[in-house]
Amino acid sequence: MAVKKRSTIANLGLTLALCITSTWAQNTPGYNHPIPPEIMTPDSVETRIGTLKFFDGLPDKETTQKAYDNLDFIRGVEAFLNFIPAASIEALRRGTVELGATKSNQIILMEQLLDSTPLFLTCNTDTVYALTIIDLQKEGPTVVEVPSGCGPGTVNDAYFRFVVDIGAPGPDKGKGGKYLILPNDYKGDVPKGYFVARSPSYVNWLILRGFLVNGKPDAAAKQFRDGLKVYPLSMAKNPPTMQFIDGSAKLYNTVHANNYVFFEEISTVIAREPVDFLDPELRGLLASIGIRKDKPFAPDARMKGILTDAVAVGNATARAICFQTRDPEAYYYEHSQWKTAFVGGDYRWLIDDGVGGRNLDARTLFFYQATVNTPAMVLKIPGIGSQYVATAQDADGNYLDGAKNYRLHIPANVPAKDFWSVVVYDPQTRSELQTSAPFPSKNNKRNSLVANADGSVDLYFGPKVPEGKEANWSQTVPGKGWFTILRLYGPLEPFSTRYGGPERSRSFSKTTGDGRQWVL
């Protein structure tokens with residue numbers, strides 16, 4: 001019996017040994033159990049930044065350096081794309097100072113409209129701009145008084161976020177009134193009689209637009225001179241005298257840098273603004289490349305070289321997003337190059353009110369080429385506001401060439417209560433194209449355009465004027481590209497059907513000089 005028991009135990013031990021040996025044979029080498037391969041790191045990995053080498057998951061020195069160089073590069077690119085809005089406001093601030101406006105009561109007024117001399121992102125040639133910088137740190141809470149009948153205006157913060165609308169789209173509804181802009185941390189008494197708005201930043205940009213009367217800017221300019229007042233609340237009992245600086249036909253720059261200087265511009269913004277002006281995620285992104293409020297921005301040679309490359313790639317990315325967007329929602333209709341700059345219809349660039357997060361590319365597309373952030377940009381109230389369509393390409397996706405001739409057919413009865421205009425822009429500066437004409441644009445109220453028998457209008461673009469088409473011609477420059485924006489002021493209901501639905505594909509066309517036609 002004892003012998004039999006010992007034999008059974010021995011057989012059991014042999015069986016267990018065989019089972020354990022079999023299990024070990026299936027285990028990952030170096031482990032007691034199988035390890036999922038997807039959590040393992042191979043000893044060598046081929047990537048877009050080269051071969052990465054590891055010893056048991058531990059990166060060697062060369063791989064570690066490659067990884068950090070790549071990380072700094074990625075964050076530099078992301079910093080460029082995410083901070084285009086802040087850099088743009090900073091460039092506007094510097095341009096305003098360049099013209100001599102250093103206080104809120106000093107207004108840059110485009111008395112004779114905004115021509116192609118200044119560098120200003122896709123400004124129009126059809127309204128009288130009045131603008132200034134409000135510095136809540138330097139001057140404290142600031143009052144903006146606008147007259148009755150004032151055109152649309154907006155205040156944006158130092159990250160180009162919406163603060164408040166003024167004039168027709170604002171709470172005064174075009175009847176005029178007093179606005180009080182407060183910093184977020186203001187703890188004092190708030191006087192009555194004001195439309196009150198708070199801003200998370202110290203620097204804010206105020207821009208107002210006045211409309212032409214009989215095609216001329218005089219009435220709008222006079223309205224601003226007579227009725228616009230901006231001053232610190234502390235001086236409300238004795239406001240300073242308003243100073244209006246003519247910004248027409250003067251050379252100054254309001255466009256942010258596209259090289260390493262971009263990061264220096266952003267460093268200036270971060271050093272000036274309150275810490276909570278941005279959320280920790282954005283602050284952390286900048287801190288990872290050396291931009292912090294409490295420290296000087298002084299990258300070493302290695303980091304400066306990486307950031308120089310990063311801004312070059314970031315700039316290329318922004319240009320791809322702006323001029324070759326892959327977002328189908330940007331295009332007004334299928335198989336066309338006409339598109340909107342305000343993708344998604346949300347001034348916060350939120351997808352489905354935030355369910356889909358923030359549309360980062362849509363934000364880049366807008367701020368790389370445009371200014372002014374307001375909910376009014378996407379309001380679809382017939383006869384109110386304005387709507388834009390833009391293109392830089394023909395139907396084949398080829399960029400518009402300044403050496404070639406084009407025709408743009410504007411059909412009769414354009415659905416615009418006030419007027420429509422077409423402006424030509426320079427893709428390098430995203431500002432008005434500089435030619436022998438100060439205003440590279442056509443406006444159906446300001447210009448004496450020649451209409452066709454059916455009421456439609458053909459506009460011509462090219463380096464030389466076609467015979468007999470002088471009134472309808474806009475000059476372009478050989479060796480340069482160009483893009484254009486069609487604006488409808490006071491857009492009417494048909495815009496959402498004829499121009500916004502299936503019929504749009506037949507609304508606009510261009511032809512080359514040899515008569516070949518394509519639909520945009």
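Let me start with a group of charged residues: Glu90, Arg93, Arg94, Arg272 and Glu273 are joined in a network of salt bridges. What you are looking at is a predicted model, and every value I mention is computed from it.

The general idea behind such links is simple. Side chains of opposite charge can pair when their charged atoms come close. For this model the count comes to 17 salt bridges. I will go through three of them.

Glu62 and Lys66 form a salt bridge, at 3.8 Å from N to O. Both residues belong to helix 2 and sit four residues apart, about one turn of the helix. Is Glu62 buried or exposed? Glu62 counts as exposed, because its relative accessibility is 54% and the cut-off is over 50%. Lys66 is partly exposed, with a relative accessible area of 22%.

Next, Arg292 and Asp294 have side chains that meet in a salt bridge, 2.7 Å from N to O. Arg292, at 37% relative accessibility, is partly exposed, whereas Asp294, at 54%, is exposed.

Then there is Lys417 with Asp418, where the closest N and O atoms of the salt bridge are 3.0 Å apart. Lys417 is partly exposed at 49% relative accessible area, and Asp418 is partly exposed at 26%.

Now to helix 7, residues 280–287. Which residues of this helix are buried? They are Leu282, Leu285 and Leu286. Looking down the axis of helix 7, these buried residues fall within an arc of 95°, so they line one face of the helix. On the other side of helix 7, Pro280 and Glu281 are exposed. The cover over the buried residues includes helix 2 (61–82) and helix 6 (261–272). At the start of helix 7, Asp279 has a side-chain oxygen that reaches to within 3.0 Å of the backbone nitrogen of Glu281.

Met40 is in the loop that runs between helix 1 (2–26) and strand 1 (44–47). Met40 is partly exposed, with a relative accessible area of 32%.

Last, Phe55. Its place is in strand 2, residues 50–55, and Phe55 is exposed, with a relative accessible area of 65%.

How values were computed
Residues are numbered from 1 along each chain as its sequence is written. This is a predicted model: local features need pLDDT of at least 70, side-chain atom pairs count only at pLDDT 80 or more; totals for chains, interfaces and linings use all residues. Side-chain values use heavy atoms; hydrogens and water are left out. Helices (H or I, at least four residues) and strands (E, at least two) are DSSP runs, numbered from the N terminus. Buried means under 20% relative accessible area, exposed over 50%, partly exposed in between (1.4 Å probe, protein chains only). The arc is that of the directions from the helix axis to the C-beta atoms. Contact means heavy atoms within 4.5 Å. A polar contact is a pair of N or O atoms within 3.5 Å; within protein, one must be able to donate a hydrogen and the other to accept it, and residues adjacent in sequence count only if both atoms are side-chain atoms. A salt bridge is a side-chain nitrogen of Lys or Arg within 4 Å of a carboxyl oxygen of Asp or Glu.
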